[in-house]
Amino acid sequence: MDDSREEEAAARFKSGTPHLDEILCGGWLRGGLYLIAGPPGSGKTTLANEMCFRAAESGDSSLYVTLLAETHERMLLHLSSFRFFQRDFVGTRVHYVSGLPSLREGGGKGFVDMLVRTVRERGARLLIVDGLMVLKERLRPDEDLRELLQALNVRLAALDCTTLLLNTETEKGTGAEFGVVDGVVALSADLIGLKATRGIEVTKFRGSNNIPGRHTFLIDEKGVSIYPRFEALMRDTPRKLADPRDRSRWGIEGLDAMCSGGLVTRSSTLIMGSPGSGKTIIGMSFLEEGAKKGEPGLYFGFAESGAQLTLKCQNIGLELEPLQRQGLLRLEARAPVETLPDAMAQELMKLVKEQGVRRLVLDGLEPFAKEAIDPERTTRFITALINALRERDVTLLITQQTNDMFGPELHSPIRGIEAICDNLVFLRFFELHGELHRLITVLKMRDSANDPFLRELRITNEGPRVGESYVALEAMLTGQPHARVQRAGASTGIRLTPGGPGRAGEDG
């Protein structure tokens, strides 16, 4: 770290709350005065208390001053259920004081004097004032809130103490405090349909950059977990390229030939198909092929557990268990319930980094990305994820279920996703003489030639196999001459719905 970066880091007071410092581009400016505003129940008290205990873990003392009716004993009882709470810190590094007596006796000035005196006595580097509304209501007629806060800011900055004011007022810029403070962090708690979501937004931050916009967060037994919008974090254009000379083979007879030797390494591929068409099996074969060559693989899905998937693959000749024992393959399954896309993206990137993953199958795009608060951000979110994985040398497969079981129309539930991915593979069923067959086609491969024909996909006891073209298969099963079948099958070309990349081509 150079001198300028060391100076910048030293000028920051770390919140200690996961990813809040990331949103603040390093943390609070030391000695600053900040406002955390949000309605009751939005998480202000929990967030502020967690910062106090995180500061204590780093060796700093903090002072938590309440102006509310809740007793300290009751507050500590509520806090004891969180992992960040440590009873030994209470009274040693985390100090709780009621500010009501000094406010009643000395008004606003007496309250400010008490704060400065107590901060000095306890050597506090972080001050929380919980209940700014009470302070505003109890000010004497000759006292001005703006002047009091300015005086507090100057005196505490000299003591190297960072101050956070908690307020239930959320109207931006309407109170005197909004003009005095160095920064404003707004918390929200909303219902979208039946789903409760929490949001955090930095609306003002003097003297520093920050990641703008609204981000989501959760409160659970770990405390406050903040998830910055993934596309806001990953704004840079990827530096690493997908070189067509470097290929990652599928390990499926016939499919590698269709893709001119395999997928371009570091590329992204969308596999679309109806349920049961073979999307997951193709993905598992891709991971097995890579793991056998020493390329760590990760499966991240929502339908089947790792044990169930291992057994399923074993029944068709894909032996995953030895590769898992060697640490070359990891299977992760999540329940597809009320997911937060940014939380899952953080978890996924952590797994990729820890395992040194080179091949990734994201089995189920909708549970991963469609729970976004703003549906319009889905394509931006996926683009950022693809770019981040490319920077880590990951070749990515994404599966997505289509709406139709049969037919040449390709309906994408997430609009525009087929244009984002480098490659597009489509699976579907067709029926002939009362028997179902699977078809596979490569609709596009960016920067690479590919076989344009529809071909049969067979799931055998020795794994998936790609065989004859559609017209050759139909000619064989019907006994019709090849040319006649070709004319009859001309209407089977795959067509994308409006908004897709266009007509992919006709049958061979």
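**Exercise 1. Is Cys259 buried or exposed?**

Solution. Begin with the scale: a residue is buried under 20% relative accessible area, exposed over 50% and partly exposed in between, with a 1.4 Å probe and protein chains only. Cys259 has 0% relative accessibility, so Cys259 counts as buried. The model is predicted, so local features need pLDDT of at least 70 and side-chain atom pairs count only at pLDDT 80 or more, while totals for chains, interfaces and linings use all residues. Residues are numbered from 1 along each chain as its sequence is written, and side-chain values use heavy atoms, with hydrogens and water left out.

**Exercise 2. State how many disulfides a search of the whole structure finds.**

Solution. A disulfide is a covalent bond between the sulfur atoms of two cysteines. The criterion is a pair of cysteine sulfur atoms within 2.5 Å, and the search of the whole structure finds zero disulfides.

**Exercise 3. Describe the open sheet and find its edge strands.**

Solution. Two strands pair if DSSP finds at least two bridges between them. Nine strands form the open sheet, in the order S16-S15-S17-S18-S14-S20-S21-S22-S23, and the pairing is mixed. The edge strands are S16 (329–333) and S23 (463–469), each of which pairs on one side only. Within the sheet, S17 (residues 359–363) and S18 (residues 395–401) pair in the parallel sense over five bridges, and Arg359 stands opposite Thr395 in S18.

**Exercise 4. Identify the residues that touch the most other members of the largest nonpolar core.**

Solution. A nonpolar core is a set of buried Ala, Val, Leu, Ile, Met, Phe, Trp, Tyr and Cys residues joined through side-chain atoms within 4.5 Å. The largest such core has 36 residues, of which Trp28 and Leu79 touch the most other members. Helix H3 (residues 44–57) gives the most to this core, with seven residues. Apart from this core lies another, of 34 residues, among them Met344, Leu389, Leu396 and Leu424.

Conventions. Helix = DSSP H or I, 4+ residues; strand = E, 2+ residues; numbered from the N terminus.
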